[in-house]
Amino acid sequence: MELPLTKTGIVGLDKLLGGGIPVGWSTILSGEPGAGKTCLSVGFLVRGIEDYDEPGIFCSFNESKKELYLTQLGYGYDLHKLESEKKFILLDFSYGRALGDGQLALQQYRLDLPALTKKLKEAINSIGAKRMVIDPLTIISLLFDDIREIRYNMFRFFDVIRRFGVTSLAVVETKKKDEYNVEEFLAAGIIRLYNERSGAKRQRGIEIIKMRGINHKRGIFPFSITDKGIVVSPDVEMPS
Ligand SMILES: Nc1ncnc2c1ncn2[C@@H]1O[C@H](COP(=O)(O)OP(=O)(O)O)[C@@H](O)[C@H]1O
Ligand SMILES: [Mg+2]
């Protein structure tokens, strides 16, 4: 039986993936600051709405709704309009960044994992969402004290999301190129973004590190951020 796939709608990425991301799965989208994680995530949701009639939820721990709507409008994505058409919901938990302390922030919102999953589920049900983004997932780790607890709870979180039936991207912030976080060991898929410096230039690259059940391309492929969002070149492998 063939695995049903969610097309990301990002130019070139579905070709790298061999069609798309398995429906209902969570994929980690990781990379350093400025790598393009938020850009790709928003693109995934907007393309879903506009090209595939699939409503989407964006759960934001970094940028406030006001900030994100304003910056994305500058790139031609009218999230406010999509929201008023009941195709898009932004859950704004950005207060944490202002406080500079994720744990304190989550307390502010009285958010523990069950409360967060409840809010996500309500949002998903209210617009019949098929796609979801959590940007960044990293903040949820702050709810727990040790690595075993993080591992256990992340595992449960992915399991719960899976039962929601939405295809999701969970952003993970990385510092070093080959550093892996606990979330990445648990997810069914990992997409990694690079923004490598060579001399005075930087070159953006994207790699499908794993995608369970999918015969995806291997290696790092160049992409650019254009006025139409992310454009991946799936036929040009980056020089090593
Ligand atoms: N929708 C978009 N379209 C085009 N460019 C964007 C879009 N969203 C963000 N950008 C730009 O892409 C670059 C990467 O930003 P971002 O996606 O926020 O990185 P990250 O989330 O990995 O830290 C920035 O220069 C930003 O201005
Ligand atoms: Mg970001």
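Lysine 86 sits in the loop between α4 and β5; helices (DSSP H or I runs of at least four residues) and strands (E runs of at least two) are numbered from the N terminus. The phi of lysine 86 is near 60°, a positive value in a residue other than glycine. With a relative accessible area of 59%, lysine 86 is exposed. Exposed means over 50% relative accessible area, buried under 20%, and partly exposed in between, with a 1.4 Å probe and protein chains only.

The model is predicted: local features need pLDDT of at least 70, side-chain atom pairs count only at pLDDT 80 or more, and totals for chains, interfaces and linings use all residues. Residues are numbered from 1 along each chain as its sequence is written, chains are lettered from A and ligands numbered from 1 in the order in which they are written, and side-chain values use heavy atoms, with hydrogens and water left out.

Aspartate 53 is not a glycine either, yet has a positive phi of about 55°. This aspartate belongs to the loop between α2 and β4. Aspartate 53 is exposed, at a relative accessible area of 62%.

## Helix α3 and the residues after it

Leu68, Tyr69 and Gln72 are the buried residues named in α3. They lie on the same side of α3 because they cover an arc of only 95° around the axis, taken over the directions from the helix axis to the C-beta atoms. An α-helix has 3.6 residues a turn, so residues three or four places apart point the same way. Lys66, Leu70 and Gly74 are exposed on the other side of α3. The packing partners of the buried residues of α3 are α2, β4 (56–60), α4 (79–84) and β5 (88–92).

Tyrosine 75 is part of the loop between α3 and α4. Its relative accessible area is 57%, so tyrosine 75 is exposed. Glycine 76 follows α3 and has a positive phi, near 90°.

## The largest pocket

The largest pocket has a volume of about 370 Å³. A pocket is an open set of points on a 1 Å grid over the protein atoms alone where a 1.4 Å probe fits, with protein on both sides within 12 Å along at least five of seven lines; lining residues have an atom within 4 Å of a point. Points are joined across faces, edges and corners, and the volume is the space filled by probe spheres set on them.

The lining of the largest pocket has 21 residues, and Gly34, Gly36, Lys37, Thr38 and Cys39 are the closest to the pocket centre. Two or more lining residues come from each of α2 (37–52), α3 (65–74) and β10 (220–226). The largest share, three residues, is that of α2.

Alanine 123 is a residue of helix α7, which spans residues 113–127. This alanine is buried, with a relative accessible area of 7%. Not counting residues up to four places away in sequence, alanine 123 touches Ile57, Ile89 and Leu91, contact being heavy atoms within 4.5 Å. The C-alpha atoms of alanine 123 and glycine 56 are separated by 9.3 Å, and the two residues are 67 apart along the chain.

Lysine 130 falls in the loop between α7 and β6. At 42% relative accessibility, lysine 130 counts as partly exposed. Glu54, Pro55, Val166 and Thr167 are in contact with lysine 130, leaving aside its neighbours within four places in sequence. Between the C-alpha atoms of lysine 130 and serine 168, 38 residues apart along the chain, the separation is 8.5 Å.

## A cis peptide bond and a buried histidine

Aspartate 135 and proline 136 are joined by a cis peptide bond, with omega about -10°. Proline 136 is in the loop between β6 (131–135) and α8 (138–141).

Histidine 216 occupies the loop between β9 (201–211) and β10. Histidine 216 is buried, with a relative accessible area of 7%. Leaving aside neighbours within four places in sequence, the contacts of histidine 216 are Leu16, Leu17, Ile208, Ile209, Lys210 and Met211.
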